[in-house]
Each structure stands twice: as structure tokens, then as C-alpha cells.
Amino acid sequence: MSIEEKQLIDRYLQNKLTGFELKSFHDRMETDSNFRKKISFHNLLIECIQESENKRLNSSIQNYIGYKKPSVPFALKLIVTFFIVTLSGIVLWNYLGPSSTGNKHNYLSLDFLKKKKGIESTQVPVESKEESEKRSNPIKIALSKDTANAFVEEYENPTTDSNNLYIENVEDIVVKKDQMLVSIYLKPIAMEIDSLGKKDTNIAVTKTVSDMLNPSADLPEDNVSKTENYLVEFWVSPVNYTGYKLSENRLILFGIEEPDAVELYSGKNKMWMKYDHKFYYLERNDQFVSLRLSSDIPILKR
Amino acid sequence: MARYTNQQIFDFIHNGDESVLFYLSETYFQTGRRLLRRSGCRDSDTPVVFSRVLTQIYREIQQNKISPNIDLEKFIFNSLKDYFSTNYTSHSLENDQKSSTTKEDMIACFSIMDENSRKILALRYVENLSFEEIAARLNFSNPFIAEHEFNKAFNQFENISRARLMLQEES
């Protein structure tokens, strides 16, 4: 194919032929099949050049983008993210939330879920009257929440009334605990007058000298009597326990109904408590012991 | 990365600077990918669709089919949507990649030619440049040399293709 023919075909393919030139070109195409083949081949060559260049550009763009198919599917990423957020939420809730127990080693506990289950499981079924009347061994239930006297009530023998009370309160089971009635400071009354009198004299002399040396210092006075005071706590127990525990400057008493009637007496390394015209011997102890009457009463003199 | 204006981008393309395609890819690919995904395109197919659309736009700008006053960003995204809605199925993409054997052979023939020949043929038939423009682009002293080089390259391509087709017919 000559150069002129190529140029003519190029111009035809670019729609640049007009008028007589275009008509003669069409006539030649109709008559000359070989010429048609040449045009077709020429057109194919041009298409291949264009397509090849486009492919080159496409591949260079794709290489530049550098897209790689992610190895982890998108849905799996979402699921993992959801679990991470949920887990961190649980940890934060256990650490900072209002139901936090302060137990730092228990971040991942699902207590807030367990609580619901617990509430459901502790629901007490309501019994019918007939069933409850058939009970032969009724259980004592502490009925009153408000007053401490209810705790010190003595055990009453089972009666029909108590059964009725049980029926009325079977839904409100209250677990009673030890309860403090009152706490007061009590100064023990010294029983060995001579020795304590000397002690008082010494203290008085010391006080007078300090006042003379520094009268306007307004320093806090060493309250000797205060250190001798005992903090006496009066407690009641739902099982009517009677006893005491005496530690340094602190006395815990159980089962005393009238706190105002209590008086403390002290001697040489000994203590007594007077209550209800009876003397009880008090001994320092780390554990609760029951009250025992003192046999030294006749010896004590005020 | 420097931000180019429409006019600068068009100038780059008219001067045959292909690096502006990388700038466009970097600027618009991620948004285009999300757009295609929302339209239902598979994530792995988005680079193929995007590169084809970008090449198409590049050619249209080269052949002065697009005005430099258009909003290029909107034009690219609208072209992506159009291309996806008209041409895309994963099956059609695969078919596009497997074109006819004759054409594949001729493209292979073109790819084995030397770079200068390929370049001059591409300037002539892809960018539709005149011999004067080709001479200016390839630093020839005059357009006749460009025409001569072009004819030489085209004859070479034609001969290789014919030989290849004859071998194929014989086999």
C-alpha cells in the first residue's frame, strides 16, 4: 500500500474527506474488494494502537493506585470492632460504673447481668393460708424493722397468732443484724481512794506549776480524766445475746436494756460494771464473753 | 501534593504529561471508590473502572472534546456513575479483558516494537496530532522528518502484524 493510499484512508477514517473526493472513495470501495480489505486492515491497525496505549495507561494508573484486596473481609472487621467496643465498655462499666465493687482484679465480671438473675431466683412464692396453717413447726421471724426492742423480745412459743403473723409477712423476709442502740462516755469510779487521791494531788501540782510558768499560752490542757473515760457502746442482737468485749478505753455491751442504769467501777487492774443492783466483773479481752457476776462485791468500798 | 487548577491539568494533558493522571488518581480515587461501592460495584473492581474512566477522560481532553471550564471533579464522578451503570458487570469486565485473538496478537506485535516507533504512532493515532505537532513534541527539526519516521514505524507495525496473521492462518 502506497503512502498516498494510507493518507487517503487516514483522512477517510478521520471524516476529513468531502465532496468529490468522498464520492470517488465510496465508489472505489464498492468496486474494489481488495481496497476494502486494505481499509479494514488499516482501521484494525489504528484500533490496536489506540487500545494498546489505553491499556498501558490503565495499567500504569492501577499500579499507581496500588489497590490490594484486603485479606480480612470488611464484615469480619466490623464484628471484631463491635466485640472490642463491647468488651472495653464492660471493663469501663465495672471499673467506673455505679455498681463498681472496687475489686480491681474483676474487670471482666458480668455482675450486672448476674444480679438480675439473682433477683429472679430469690423471689419467694406466696403461700396460701391453708398450706401455712398446716405447718406444724413454725419458724420465728423478726417482724419489726424500726424498733430495737423487737430484737430483744423473747422467743414466744408458737401459737396460732404467730402463724398468722408468719403468713402476713412471708413475702417480706428481713435478715436482722446486730444493731447499736447508743454509745456514751462513762468514767469509771475509782474504788481505792488512797492511791487515786495521791495521783490526783500530783496532777494538781503539775497543773499549778505549768500555769505559773506560762499563764497566757492557752495550750491545750492534758485531759487526764478524758483518757480514763470509756466509750461504752450498747448493742442489741437478734438472737438476744448477752455479753461484752473490753478493749482499751472501749466497752461493747450486748443485751443491756437500760443504758442509763450502767455504772463502771475500777480498781487495781480490775473493772466492774454495776447494772440492776448487781456487780459484774469485766476483763480485758479481744473476743466477746458473757457477763459474770463478781464475787468481790463485799470488799469494794467507795 | 500541589493542587492544580483545571487549566493547569488541561495544559499538562495537552502537553502529553501523563503524570497528571497519577495526581488525579490520588485526588479522586478514594471518593470514587466509595461512590462505586455504594452503587454496587465490587471493591476489587473499582481500580479497573476508575482507570478506564480516567483514561477515557484523558483521551477526550487530548482531543479537545471537553471544555476546560467544566467542574472536573463532578465530571469524573458522573463519568464513573455513567460508566458503571452502562458497562459494568463483573462478567462484562472479564470479557473486555479477553478481546479477540487477532486483536490480541496485533496488540502484542505493537508492544514488541521499539519505544520511539510506538510513541510516534500513538501521537499520530491516539492524540490525533499533525506532523508539525509531532515534530515539536519529539524535537524533530521539521515535520517531514516526523512524517518519514511515522511512515517507517507504521510500515514496520504493518509488516509485523501481517507476518503474525499469516503465521496464525497457517497454524
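Tutor: The largest nonpolar core has 20 residues, and B:Val49, B:Leu54 and B:Tyr58 are the ones with the most contacts inside it. A nonpolar core is taken here as a set of buried Ala, Val, Leu, Ile, Met, Phe, Trp, Tyr and Cys residues joined through C-beta atoms within 7 Å. A residue counts as buried if 20 or more other C-beta atoms lie within 10 Å of its own, as exposed if 12 or fewer do, and as partly exposed in between, with C-beta atoms placed from the backbone. This is a predicted model, in which local features need pLDDT of at least 70 and side-chain atom pairs count only at pLDDT 80 or more, while totals for chains, interfaces and linings use all residues. Residues are numbered from 1 along each chain as its sequence is written, and chains are lettered from A and ligands numbered from 1 in the order in which they are written.

Two or more residues of this core come from each of helix 3 (33-65) of chain A and, in chain B, helix 1 (6-14), helix 2, helix 3 and helix 4 (72-87). Helices (H or I, at least four residues) and strands (E, at least two) are DSSP runs, numbered from the N terminus. The largest share of the core, eight residues, is supplied by helix 3 of chain B. Once neighbours within four places in sequence are left aside, B:Leu54 is in contact with A:Ile61, B:Leu21, B:Leu24 and B:Ser25, where contact requires the C-beta atoms of two residues, placed from the backbone, to lie within 7 Å. Apart from this core lies another, of 18 residues, which includes A:Cys48, B:Leu129, B:Ala153 and B:Phe157.

In it, 25 residues of chain B are in contact with 19 residues of chain A. On the chain B side, helix 2 (19-39), helix 3 (46-62), helix 6 (101-111), helix 7 (115-125) and helix 9 (143-170) each supply at least two residues, and the largest share of that side, six residues, comes from helix 3 of chain B. By class, the side of chain B that touches chain A has 14 nonpolar, seven polar and four charged residues; here Ala, Val, Leu, Ile, Met, Phe, Trp, Tyr, Cys and Pro count as nonpolar, Asp, Glu, Lys and Arg as charged, and the others, Gly among them, as polar.

Of its 302 residues, 8% count as buried. Four of its strands form an open sheet in the order 1-3-5-4, with mixed pairing, and its edge strands, strand 1 (179-186) and strand 4 (243-247) of chain A, each pair on one side only; two strands pair if DSSP finds at least two bridges between them. Five bridges join strand 4 of chain A to strand 5 (residues 250-254) of chain A in the antiparallel sense, and A:Leu246 stands opposite A:Leu251 in strand 5 of chain A. In the loop between strand 5 and strand 6 of chain A lies A:Glu258, which is exposed because 9 other C-beta atoms lie within 10 Å. Strand 6 of chain A, in turn, is joined by five bridges to strand 7 (residues 270-275) of chain A, and the two run antiparallel.
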